[in-house]
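Keep your viewer open and your selection tool ready. We will go from stop to stop, and at each one you will hear what to select next.

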Amino acid sequence: MRKLLLFCVFSGAMVWAQAQSRQVTGIVTSSADNAPIPGANVVVKGSTTGTVTDAEGKFSLNVSADATALIISFIGYTTKDVTIPASNYVAVSLAASAEELQEVVVSVGRGAERTFTDTPLPVDNITVKDLATTGQPTFDRALQFKVPSFNTVMTPVNDATSLLDPYELRNMGPSRTLILINGKRKNLSSLVYTQTSPGRGETGADLSAIPQDAIKRVEILRDGASAQYGSDAIAGVMNIILKDRFDTPTLRINTGVSSKGDGANYSINYNSGANIGKKGFINYHVSFSRQQRMVRNSTVSLAGETDPVVGLTGNDPVSVQNVKNFLAAFPDAKNQNASADNTSAKFLINMSIPLTEKTEFYANAAYVYRKALSYANYRTPYWKVDYGLLHTPDPNGVDYTGTGDPLYKGYVGYQPTMDGDLNDYNATAGIRTTSDNGWKQDMSLTVGGNKMLFTVNNTVNHSLGAASPVSFKPGGFAFHHVVGNVDVSKQVSHRVFVGFGTEFRSETWQEIAGDTASYSGQGANSFPGYSSKNAITATRFNIGGYADFGFDITDAWYVGVTGRSEKYSDFGNANVGKISTRLKVIEDKLTLRTSFSNGFRAPTLAQQYLSLNQASFQNGTIVIQGLANNYSREASLLGVPKLKAEKSINFTAGLGLNPNHDFSLTFDYYYIDITDRIVYSSKVGPTGGANPQLDALLTSVGSTGISFFINGVHTRTQGLDLVGSYRNIRLGENTLNLNFAGNYTMSNDLIGSPTAPTQIAAVGGKIFTPTEEALMLTSRPKYKYIVGAEYVVKKLSFNLNNTIIGPTTFSNVDLSDFDGAGISRLNDLQVTFNTRVLTDIAIGCKLSDRATVSLNVNNIFNILPEWHYKAISPAGAALLASGTDTRDGTTLDQITNAITFNNRYHYTTYDGSQFSQFGMTFLGQLIYKF
């Protein structure tokens with residue numbers, strides 16, 4: 001009886017509740033062209049009840065019986081207060097906010113479109129859905145397959161770069177793209193890329209630290225923006241907009257593997273939060289992921305291992321037989337040509353709390369911990385010995401060393417490993433307020449930092465012999481900044497916008513010394529530590545101010561003018577400006593736009609103060625090469641000046657076509673001219689007595705050469721960007737969406753000759769060889785085109801994506817460090833990677849209103865990098881034709897062995913390629929909304 005009574009009461013309550021509520025449906029569109037606006041916020045006025053519009057701009061919301069109005073908003077549009085009609089159906093059009101259009105990288109258009117067609121500057125808009133369909137495990141790799149001018153690739157030789165990979169926009173290097181989180185500057189990484197691979201000498205923010213599931217969308221300004229944001233914005237600005245208004249808790253589980261059965265990856269991502277009032281929110285994200293290594297070994301060349309020029313051992317009969325026996329047992333020489341093993345945890349929160357009707361407190365914070373395990377080249381027994389520290393002798397084992405020492409019976413070499421520990425964090429807190437007379441103020445404080453520490457295991461310091469430890473702490477790097485911003489703006493009239501503000505920034509960078517054993521003598525084999533004499537803590541401070549004016553001369557013609565002045569404590573002042581304009585024609589369906597600006601990039605603290613002593617293997621011996629910072633005695637002896645800011649001239653011109661709400665097209669030309677560009681120089685070796693002090697210095701530290709950073713080159717880059725989409729093509733009851741995006745580099749040239757210090761030039765020294773020139777100018781694709789289609793059939797979706805990756809060229813055919821004749825062949829041969837097409841497919845299925853599953857198969861045809869030699873001189877052509885250089889007898893096989901480390905890096909060479917060597921991969925995803 002009691003159960004029946006309870007049931008009746010419960011049922012009655014449910015019926016009463018339903019009677020007291022109703023369902024409101026509707027659609028939100030843009031007033032400009034009636035295009036649907038996905039992601040618009042729909043909130044019941046005076047409550048926290050709300051939802052967001054779907055991909056077609058539609059919404060459905062249960063409201064209480066006494067609800068009378070909805071508040072509908074979307075960034076970039078004017079918020080509307082709408083009365084709920086008796087029909088319970090709401091159709092509302094939002095007008096674009098003229099004030100929002102003044103912000104260069106702040107929502108300036110419809111979230112549904114791939115690119116904003118009516119802005120005065122080229123801006124890409126990438127949604128979280130776009131990122132998810134790539135099937136890539138990290139944010140930076142997802143961008144690689146969504147943004148044609150963005151390039152990144154895992155380097156074949158990992159060590160420190162196992163924690164993050166170099167990336168760049170428009171072939172400008174990571175240092176020249178400014179990264180923002182919700183419009184505020186993100187901290188740089190503490191690492192400088194020092195490998196001879198793309199990104200050499202550069203520092204950038206850690207994009208892989210940003211969890212994809214916490215992102216609402218990504219806006220990429222493809223134009224110089226130093227006048228708006230200061231340093232680092234020569235190539236453009238990437239603004240990562242975090243999820244804000246809360247919808248429902250979401251769990252996403254990923255798992256994947258390569259077609260070889262290795263490289264297993266899995267992640268758990270949870271996003272949740274709450275809404276606060278009609279405008280406030282708190283949104284948080286937690287993710288844990290693991291990416292196991294993928295190994296792509298090759299058969300090592302016996303001829304290369306025993307070659308008298310590039311080999312690892314002698315070429316006498318005994319040595320050759322030892323190598324032959326070892327390679328018979330281990331054809332790949334036990335080398336681990338692999339991606340790093342990565343484990344990471346990411347935490348992020350984004351919030352906004354209304355304090356009054358016109359004032360809000362906002363904040364966001366993120367913390368990332370990542371641990372990476374990478375593998376150095378395997379030390380074969382005929383290459384390196386371990387003094388019995390890493391193995392136990394086997395009296396019945398084979399002696400591959402040829403020493404006859406019983407200690408090395410059964411010795412098969414050793415595998416050095418490197419553990420990297422990364423901590424990356426950023427946080428912003430601020431107040432936004434609007435006064436009664438329309439002035440808007442935004443005051444914020446941002447902190448951020450990045451710290452990397454390394455551990456090298458399973459190796460020895462050969463200078464210490466049998467007394468060597470087998471595990472080392474080589475040190476690391478740390479970076480920290482504090483940024484304060486004050487921004488004030490007002491729409492003075494219908495046609496005039498005024499904005500101004502100031503920014504201060506304090507930066508600290510550290511080189512952290514390793515333990516003594518890690519850098520004594522030759523240092524830890526595979527990764528020597530950072531010496532205590534090179535350890536340093538460097539700081540600087542800068543302050544800047546800007547003024548921004550926007551004028552709607554007519555309803556169709558807009559002109560924007562911005563100026564900025566900055567003062568740095570370490571190198572002086574910078575004054576930059578920008579003018580942009582936009583003209584709408586043909587009933588606003590065609591937009592013509594152009595901009596002109598000058599910019600700057602301040603040298604990073606790491607580029608100014610990094611000092612290194614690096615050990616490398618050449619011709620059977622260990623040699624020490626150094627990087628001298630610009631305040632060192634070495635730099636003084638070489639006449640290397642202090643670094644100053646790079647200067648740039650940017651020009652863009654383009655058009656946006658939007659004939660209807662389903663079709664959009666943008667086409668833009670860009671020109672970037674950089675003077676005093678900072679480069680990581682080639683090594684400067686002994687002068688043969690021309691500079692006795694330098695010769696004595698190199699001898700005293702046992703070094704064969706010193707490199708440094710210098711404002712050494714002038715570059716000019718020109719290119720074209722084309723982005724188009726055609727959406728909502730109806731095929732019966734189904735929908736087809738098409739998109740195309742392309743980037744073509746017309747030219748990326750060195751203007752004039754590199755500027756070498758007088759002392760170096762006097763003895764015929766060079767600071768910028770063809771190797772460094774190719775890494776800077778041609779190591780990224782000449783062009784990249786992305787052609788995609790999405791086909792939606794009821795609850796199923798099919799995505800097909802083709803990425804055409806154009807040729808890249810490296811100039812790494814240099815045997816001058818090996819052969820006695822000193823012929824480098826850098827001016828004879830280049831290595832060119834061929835154009836390749838990567839095809840990805842994704843299939844998604846909506847199981848219910850709460851659950852969705854998908855499967856991505858990336859690179860379904862298992863396409864791998866492919867390269868060939870290109871002759872750039874008659875001597876090079878003769879070498880390719882005959883296979884032998886008649887000048888000294890060097891063969892093409894010897895050259896190939898030199899650049900692939902005796903075929904260990906068969907697909908990529910030692911310096912890298914334009915995409916990864918790991919082939920086809922699979923990724924399955926389950927998304928569940930609670």
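A search of the whole structure turns up 41 salt bridges, a salt bridge being a side-chain nitrogen of Lys or Arg within 4 Å of a carboxyl oxygen of Asp or Glu. Before you start clicking: this is a predicted model, in which local features need pLDDT of at least 70 and side-chain atom pairs count only at pLDDT 80 or more, while totals for chains, interfaces and linings use all residues. Residues are numbered from 1 along each chain as its sequence is written, and side-chain values use heavy atoms, with hydrogens and water left out.

Select Arg252 and Asp213, whose side chains meet in a salt bridge (2.0 Å, N to O). This pair links distant parts of the chain, 39 residues apart: Arg252 sits in strand 15 (residues 250–258) and Asp213 in the loop between strand 12 and strand 13. Helices (H or I, at least four residues) and strands (E, at least two) are DSSP runs, numbered from the N terminus. Arg252 and Asp213 are both buried; buried means under 20% relative accessible area, exposed over 50%, and partly exposed in between (1.4 Å probe, protein chains only).

Next, pick Arg432 and Glu360, a salt bridge with its closest N and O atoms 3.1 Å apart. Arg432 belongs to strand 20 and Glu360 to strand 19 (residues 359–375), so this pair ties together parts 72 residues apart in sequence. Buried or partly exposed? Arg432 is partly exposed at 31% relative accessibility, and Glu360 is partly exposed with a relative accessible area of 22%.

Then try Asp552 with Arg582, where the closest N and O atoms are 3.9 Å apart. Both Asp552 and Arg582 are buried. To finish this stop, select Glu503, Arg505, Glu507, Arg540 and Asp570, which salt bridges with shared partners join into one network.

**Into the core**

Now show Leu163, Met452, Phe454, Phe477, Trp509, Leu610 and Phe709: of the 31 residues in the largest nonpolar core, they touch the most other members. Such a core is a set of buried Ala, Val, Leu, Ile, Met, Phe, Trp, Tyr and Cys residues joined through side-chain atoms within 4.5 Å. A second, separate core of 29 residues includes Leu143, Ile210, Ala214 and Leu348.

Finally, find the open sheet of 5 strands, ordered 8-13-14-11-12 with mixed pairing; two strands pair if DSSP finds at least two bridges between them. Strand 8 (123–127) and strand 12 (184–185) are its edges, each pairing on one side only.
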